[in-house]
Amino acid sequence: ILLDVLMPKMDGAEVFLKIKENPEFQNTKIIFVTNIDDYTEDFEYFKEYHSKIAKEIGACDYLAKSTDLDKLVEKVQEVLKT
């Protein structure tokens, strides 16, 4: 699952935890994605904060939506192999 970090009502971490509550989805691989990128003010803070949360709760990775499509596909393939 490619899961957005910033969403209305529930953020990506909350959705992630809801998904993982269901035993059927315990082994589902989730990569967080965000619109926060190098052009966003305070990018480094948000990147560090969200990637820390992603790792703490068990997400496979954290990527900016602006990530090159080839790199995104490569990351998804890498995650699916694990």
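**Helices and sheet in a predicted model**

Q: In which helix does L72 lie?
A: In this predicted model, the helix that spans residues 69–81 includes L72. The helix asked for is therefore the one numbered from the N terminus as α3.

Q: Which residues is L72 in contact with, leaving aside its neighbours within four places in sequence?
A: Contact here requires heavy atoms within 4.5 Å. With the neighbours within four places in sequence left aside, the residues in contact with L72 are L2, L63 and T67.

Q: What separates the C-alpha atoms of L72 and V33?
A: V33 stands opposite L63 in β3, and L63 is among the residues that L72 contacts. Along the chain L72 and V33 are 39 residues apart, and their C-alpha atoms are separated by 10.0 Å.

Q: Which strands stand at the edges of the sheet?
A: Three strands, paired in parallel, form an open sheet in the order β1-β2-β3. Two of them have a single partner strand each, so one side of each is left without a neighbour in the sheet; these are β1 (2–4) and β3 (61–64).

Q: Within what arc do the buried residues of α1 fall?
A: Helix α1 covers residues 12–21, and its buried residues are G12, A13, V15, F16, I19 and K20. Seen down the axis of α1, these buried residues line one face of the helix, because they fall within an arc of 160°.

Q: Which residue caps the N-terminal end of α1?
A: The cap places a side-chain oxygen 3.1 Å from the backbone nitrogen of A13. The residue that supplies this oxygen is D11.

Conventions: Residues numbered from 1 in each chain as written. Predicted model: local features only at pLDDT ≥ 70, side-chain atom pairs only at ≥ 80, totals over all residues. Heavy atoms only, no water. Buried < 20%, exposed > 50% of the residue type's maximum accessible area, 1.4 Å probe, protein only. Helix = DSSP H or I, 4+ residues; strand = E, 2+ residues; numbered from the N terminus. Arc of directions from axis to C-beta. Polar contact = N/O pair within 3.5 Å; in protein donor to acceptor, adjacent residues only side chain to side chain. Pairing = 2+ DSSP bridges.
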